Amino acid sequence: MNIKQNIFLSEYTTLRIGGRVRYFIECITDTDIVDAVTYADNHNLPILPLGGGSNMVIADHAHNMVCIHMVNTGLDVVYEDESSIHISVGAGYLWDDFVEYTVLHGYSGIEALSAIPGTCGATPVQNVGAYGQEVSETIVSVRVYNTASNIFQGFSNTDCQFGYRDSVFKHSSRGTYIIESVTFKLDKKPPSIPQYPRVSDELQLMQEHYPYESQLMHIRRAIQKIRSDKLPDPHHVPNVGSFFKNVYVNPEKFFELQKQFSAIPFFIDGDMYKIPTGWLIESVGLKGYSRDGVGVYDKNALVLINQSSVYSHDILSLAEEIHREVGRKFGLAIEIEPEIVP
Ligand SMILES: Cc1cc2nc3c(=O)[nH]c(=O)nc-3n(C[C@H](O)[C@H](O)[C@H](O)COP(=O)(O)OP(=O)(O)OC[C@H]3O[C@@H](n4cnc5c(N)ncnc54)[C@H](O)[C@@H]3O)c2cc1C
């Protein structure tokens, strides 16, 4: 087991904020995981599982913890028939590389989730989603090491209790489960086209530019283009993607809001109304606002960016200000999406 000490987590997060962690262990095999957990137990230290750090706000002080960084990148076909294929992928495999692999092989189901940073192992945690797809629609099972009972166990799709940017893994105390691999079921049938106006436009352009490529690749390229236009590249502008979840309200609350704010955008999702939080933030005049080296991205108000800060407090107090202003104007309590490690 290769144990590193006093590693700056700011080097491992896309927000570029995060203090030193006492122990940092990279895991590839089952034995590595068991050894790392035993090490944490023996030192009576909490565990911090870390993937690509693209959905975490880690406090800038020192952390007396064992950080378990999954870097296993195995990929195995575990089942295949005429219409589908089940692929088990190591937690450390980069998500977008996996999406590309499936698109190149003609397997549909996750192509709309192109260009999302991070690792495969983290995708079940917040049920990663975009452009009408969520990983919960394709996940068959998740293999985890349960650090409370010290056994490897499988979670079925139902066991994962997926919801909007939510799963059982978000609710269990940090470090209870180390996700080792995830099995996805992908289709061999042609993909469904994401029903978003901008996607249709880009798709048409991609079909013209790349006439010999597959429909799946056209969708991937269209999504990549749209995302690069509206999301900052974390390599250049540190961020964690959407900082807040969209808001779900019941019809009664929605119509009450609509009376006051006739332009309020919405999407109907089952029997709930989904209100884009980016619009709420823009409406309180905070799009493009910045202070203390952090700010609200000027092309997309849902994204907070780190311009020059090294303090988690700066980003969190900006988030608090946004929360307060949106609450004051709309009476809605917006929720933070990334995991906060205090
Ligand atoms: C530019 C940008 C765009 C984004 N767009 C989207 C989007 O469209 N949709 C979306 O849903 N998300 C989006 N995100 C958020 C993020 O990319 C996803 O949530 C991603 O799945 C996080 O992966 P990660 O490996 O970086 O996880 P991390 O940030 O390292 O971890 C996230 C959480 O998962 C836990 N975790 C990580 N790995 C494991 C493991 N092996 N076992 C147990 N727990 C683990 C961590 O403890 C933490 O709680 C975006 C982020 C950025 C920066």
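The following exercises, each with a worked solution, concern the structure above.

The model is predicted: local features need pLDDT of at least 70, side-chain atom pairs count only at pLDDT 80 or more, and totals for chains, interfaces and linings use all residues. Residues are numbered from 1 along each chain as its sequence is written.

**Exercise 1.** Determine the strand order of the open sheet of five strands, and identify its edge strands.

*Solution.* Strands are DSSP runs (E, at least two residues), numbered from the N terminus. Two of them pair if DSSP finds at least two bridges between them. The order is 6-7-12-10-11, with antiparallel pairing. Strand 6 (75-80) and strand 11 (151-156) each pair on one side only, and these are the edge strands.

**Exercise 2.** State how many bridges join strand 7 to strand 12, and name the bridge partner of Ser 84.

*Solution.* Strand 7 (residues 84-90) and strand 12 (residues 177-187) run antiparallel and are joined by seven bridges. Ser 84 has Asp 187 of strand 12 as its bridge partner.

**Exercise 3.** Describe the residues around the ligand by class, and name those that come nearest.

*Solution.* Of the 32 residues around the ligand, the nearest are Gly 51, Gly 52, Gly 118, Ala 122 and Gly 241. A residue is near a molecule if its C-beta atom, placed from the backbone, lies within 6 Å of it. By class, the shell has 17 nonpolar, 14 polar and one charged residues. Here Ala, Val, Leu, Ile, Met, Phe, Trp, Tyr, Cys and Pro count as nonpolar, Asp, Glu, Lys and Arg as charged, and the others, Gly among them, as polar.

How values were computed:
Helices (H or I, at least four residues) and strands (E, at least two) are DSSP runs, numbered from the N terminus.
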